[in-house]
Every structure is written in structure tokens, then in C-alpha cells.
Amino acid sequence: MEKLFSVAEANALLPRLRQLLSRVQTEKRRLVAMKATVEGAREGHVRDWGTPQGPAYIQILESFQEGVHNIEELGVLVKDFDAGLCDFPHKRDGRVVYLCWKLDEKEVAWWHDLNSGFAGRQPL
């Protein structure tokens, strides 16, 4: 953990994080929608050279990976892309814990120990 967030710093990142998570979720849905086509092309690669959707798949995959990288550069840990569940390393009472936030929440209002996860969330 390189960065520790205050509650105010975590909340200040939420507009950017919402934008990035939305992008990653969209690209993930697009990848899942293409899964059968891409797997079929992979299985049949001995007979042909892939699928016409191959370049689009690679472009979507690169966009997904770039979004994930941008989130990681912020110092935020994404625990669940579908739910938009994120943790922010934070120092509380002299120890490192996680501030915990979900995409459908207005602001960061929860925290949990490093090992307890979402089930161990407690209000700030």
C-alpha cells in the first residue's frame, strides 16, 4: 500500500472513480457478450484465422485494461467490478484499514479491517 487516504480524499475521488468504474463495467459487459464468438474462434484456429470480431475484441479488452490501470493508479483497490465495490487504504486508530465504498453509495461512509472484507463493514 503506497497511498493512505483520508475520508475527504476518498470522497474527492468519487466523481472520477464513478466515471472509470462505469467505463470498466461497460467494457466488461461487451467482453462477456463476445465470449462465445471469441472462444469459438480460438477452438477453430487450426482451420481458420480467427473471427472478424477479433480486432474489436482486442480494442475492448485494451479499453477495459486501461480503465483498470487508471483506477489502480489512483491507489484504489477494486474488490468487485460488477458491484463497483472499492477499498481505500486508510489509517484509523494507528493501524491501516480500508475505507469501503460501493458505486451505488453517495459517499464513503464505511470501513473494515484488512481481512474482514465487505461483511465486516462498520460505519465511520
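1. Start in the sheet. Strands β3 and β4 run antiparallel and are joined by 3 bridges. Strands here are DSSP runs of type E with at least two residues, while helices are H or I runs of at least four, each numbered from the N terminus. Two strands count as paired if DSSP finds at least two bridges between them. Within this pair, Tyr-98 stands opposite His-112 of β4.

2. A word on the model. It is predicted, so local features need pLDDT of at least 70 and side-chain atom pairs count only at pLDDT 80 or more, whereas totals for chains, interfaces and linings use all residues. Residues are numbered from 1 along each chain as its sequence is written, and side-chain values use heavy atoms, with hydrogens and water left out.

3. Overall layout. The protein chain holds 2 helices and 5 strands. Read from the N terminus, the order is α-α-β-β-β-β-β. Of the 124 residues, 33% are buried; buried means under 20% relative accessible area, exposed means over 50%, and partly exposed lies in between (1.4 Å probe, protein chains only). The accessible surface is about 7,800 Å², and carbon and sulfur atoms own 53% of it. These areas come from the Shrake-Rupley method with a 1.4 Å probe, and for residues only the protein chains shown count as cover.

4. Contacts along the chain. Take the contacts with a separation of 6 or more: 48% of them link residues 24 or more positions apart. Contact means heavy atoms within 4.5 Å.

5. The sheet as a whole. Its 5 strands form an open sheet in the order β1-β2-β3-β4-β5, with antiparallel pairing. β1 and β5 (122-123) stand at the edges with a single partner strand each, so one side of each has no neighbour in the sheet. Strands of a sheet pair through backbone hydrogen bonds, either parallel or antiparallel.

6. Strand β2. On one side, β2 pairs with β1 (residues 77-80) over 3 antiparallel bridges. Leu-77 has Asp-87 of β2 as its bridge partner. β2 also pairs with β3 (residues 95-102), again antiparallel, over 8 bridges. There, Pro-89 stands opposite Tyr-98 of β3.

7. Two hairpins. β1 and β2 form one, with 4 residues between them; Gly-84 in that turn has a positive phi of about 70°. β2 and β3 form another, with 2 residues between them, and Asp-93 in its turn has a positive phi of about 50°.

8. His-112. This residue lies in β4 (residues 110-112). Its relative accessibility is 2%, so His-112 counts as buried. A polar contact of 3.1 Å links its side chain to that of Asp-87. Such a contact is a pair of N or O atoms within 3.5 Å; within protein, one must be able to donate a hydrogen and the other to accept it, and residues adjacent in sequence count only if both atoms are side-chain atoms. Leaving aside residues up to four places away in sequence, His-112 touches several others, including Val-97, Tyr-98, Cys-100 and Phe-118.

9. Cysteines. How many disulfides are found in the whole structure? The search gives 0, where a disulfide is a pair of cysteine sulfur atoms within 2.5 Å. The sulfur of Cys-86 has its closest cysteine sulfur in Cys-100, 8.7 Å away, which is too far for a bond. Cys-86 is buried at a relative accessible area of 0%. Cys-100 is buried too, at 1%.
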